[in-house]
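Here is a short walk through one protein model, written for someone who would like to find their way around it. Please have the viewer open as you read.

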Amino acid sequence: MSKSIVSMVSFEDPYTSLKKLIEECDGFAGLNPEDKILIKPNIVSWDFELPFPPFGVITTTTVIHALVRLLKENGFNHLTIGEGGLPKAHSQDPSVYQTIGYEDLAKQYGLELVDFNQGRFGQVDFGNFTLSIAQSVLDADKIINVPVLKTHNQAKVSLGIKNMKGVLSRKSKMFCHGLGEFDLLETFPRIIEKLPVALTIIDGVYTLEKGPGHTGKAFRKNLLIASRDPLACDLVGAEVLGYKGEEVPYLQDYAKRNRRSLSLDDLKIKGERLEEHRQFVDYDWEWTKENTGPIGFEKRGITGLAIRKYDNSLCTGCSVLFNPMLILMMSSFNGQPFPNIELVSGKSQSASEGFAKTILFGKCACDLNKDNPHIQQAIAVKGCPPDLKDFEELLRAEGIKVNYEEYVNYRQHIFDRYRPEDGFELNHWQVKEGTEEVNE
Ligand code: SF4
């Protein structure tokens with residue numbers, strides 16, 4: 001059996017680098033000129049209210065732009081870009097697609113833009129479960145998957161296989177954070193098996209520690225990885241982040257289910273040398289041994305508070321709020337112990353005995369614990385996902401003076417730490433004018 005080819009190219013000029021990357025792995029070989037091609041970036045979330053650093057979180061527009069240009073030059077004219085991120089934007093805001101230059105791309109190249117959240121979904125049977133997949137994804141002849149090179153605090157790495165979770169309806173995304181056989185790591189890796197992914201391009205212009213959201217820490221990485229084989233591409237991406245395939249449970253399961261090897265010896269890696277780019281990027285937030293909160297809380301001397309660590313049942317909506325919630329809790333610390341509070345979240349955490357107050361973070365925790373006899377006083381932060389301003393009000397009503405302004409300051413702080421002089425360029429999410437010549 002011939003070895004799958006994975007190409008690695010260092011990111012310099014976007015167009016030239018991507019052209020080389022695709023040529024090295026013969027990336028367009030599976031495409032026909034008449035194909036309806038869907039490009040699937042990763043735009044997991046955006047925020048129009050507070051500063052949002054996209055580094056290592058969102059696929060760069062500069063890579064998408066170079067890809068569109070190359071596809072057009074090679075005679076592929078039926079192009080759509082589609083994604084289904086968290087529906088956080090308010091109606092009066094400009095669309096995310098406008099903000100990151102996709103509307104310019106659409107005008108310039110005559111491609112279609114689809115927001116999966118606004119469209120129809122079709123049911124796809126996976127044997128023991130059914131998922132709703134965006135109809136525009138099901139209608140595509142071929143998919144080009146363009147994830148970011150990043151870590152994930154539940155899945156360890158988030159690359160091509162993980163990026164396909166974005167094609168699901170909101171309800172199906174939540175379903176994928178189920179329990180037991182419907183655990184996150186058992187469900188999302190199956191999605192790609194039903195889809196015609198012809199090429200994966202991992203955008204490693206930046207990478208992200210403790211991802212997948214903007215509260216992780218980004219680094220400039222300058223690397224592109226591509227393959228026509230999704231598993232091969234993810235195995236190399238994981239290695240670059242410092243994880244062997246065997247160390248990532250969902251890659252291990254995927255390989256087993258598809259009778260594939262996890263060994264890099266069974267791949268042909270072209271271009272950059274893997275050894276020169278392999279660097280460990282941590283995926284997880286460290287918690288106390290007693291599961292009472294992040295290590296940082298212990299170091300600050302915070303007591304009287306037990307925030308249980310998130311598990312895989314916490315879906316992305318609550319997950320991206322978890323770190324902000326921690327910042328809010330920290331903002332109310334005045335040197336005195338908290339009044340014996342526990343916080344539980346997700347679909348599997350039951351409130352423990354012996355706490356004066358129990359914060360139920362999100363609808364799932366509220367539903368699961370509604371009749372829990374251990375709870376003396378519940379602070380139910382309903383909402384799916386909950387709202388941070390409601391969180392502030394509910395806690396203030398209980399005398400816990402969390403301060404939303406501190407969260408706003410924190411957001412400014414994490415945005416300001418990415419400086420242009422250190423290689424963090426926001427114009428990677430813009431379309432530069434006047435540099436494109438398309439041979440139609
Ligand atoms: S409450 Fe949170 S964990 Fe539960 S379904 Fe909603 S977003 Fe997901």
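## A helix across a sheet

Helices (H or I, at least four residues) and strands (E, at least two) are DSSP runs, numbered from the N terminus.

Before going on, please note that this is a predicted model: local features need pLDDT of at least 70, side-chain atom pairs count only at pLDDT 80 or more, and totals for chains, interfaces and linings use all residues. Residues are numbered from 1 along each chain as its sequence is written.

Two strands pair if DSSP finds at least two bridges between them. Strand β14 (residues 341-345) is joined to β13 by 3 bridges, and Ile307 has Leu343 in β14 as its bridge partner.

## Around the ligand

Which residues surround the ligand? They are Met174, Leu314, Cys315, Gly317, Cys318, Gly346, Gly362, Lys363, Cys364, Cys384 and Pro385. A residue is near a molecule if its C-beta atom, placed from the backbone, lies within 6 Å of it. The elements that give two or more residues to this shell are α12 (316-331) and α13 (363-368). By type, the shell divides into 7 nonpolar, 3 polar and 1 charged. Here Ala, Val, Leu, Ile, Met, Phe, Trp, Tyr, Cys and Pro count as nonpolar, Asp, Glu, Lys and Arg as charged, and the others, Gly among them, as polar.

The peptide bond from Cys384 to Pro385 is cis, with omega near -5°. Pro385 lies in the loop between β16 (378-381) and α14 (388-397).

Of the 13 residues of β10, 12 are buried, so the strand is mostly covered. A residue is buried if 20 or more other C-beta atoms lie within 10 Å of its own, exposed if 12 or fewer, and partly exposed in between, with C-beta atoms placed from the backbone. The table lists some strand pairs, three of them with β10.

| Pair | Sense | Bridges | Residues opposite each other |
|---|---|---|---|
| β7 (residues 142-146) and β10 | parallel | 3 bridges | Asn145 and Thr200 |
| β8 (residues 148-152) and β10 | parallel | 3 bridges | Lys150 and Leu208 |
| β10 and β11 | antiparallel | 9 bridges | Leu208 and Ala218 |
| β5 (residues 121-125) and β6 (residues 130-134) | antiparallel | 5 bridges | Asp125 and Thr130 |

In the hairpin of β5 and β6, there are 4 residues between the strands, and Gly127 takes a positive phi near 90°.

## Backbone details to look at

Most residues other than glycine have a negative phi, and most peptide bonds are trans. In the loop between β10 and β11, Lys210 has a positive phi near 55°. Lys210 counts as partly exposed because it has 19 C-beta neighbours inside 10 Å. A cis peptide bond joins Gly211 and Pro212, with omega about 15°. Pro212 is found in the loop between β10 (197-209) and β11 (217-227).

Lys156, in strand β9 (residues 156-158), has a positive phi of about 80° although it is not a glycine. Lys156 has 19 C-beta neighbours inside 10 Å and therefore counts as partly exposed.

## The protein as a whole

The secondary structure comes to 15 helices and 16 strands. With 440 residues, a compact globule would have a radius of gyration near 22 Å, and the protein agrees with its 22 Å. That radius is taken over C-alpha atoms, and the globule rule is 2.2 Å times the number of residues to the power 0.38. The C-alpha atoms fill a box of roughly 65 × 45 × 45 Å, taken along the principal axes. Of the 440 residues, 48% count as buried.
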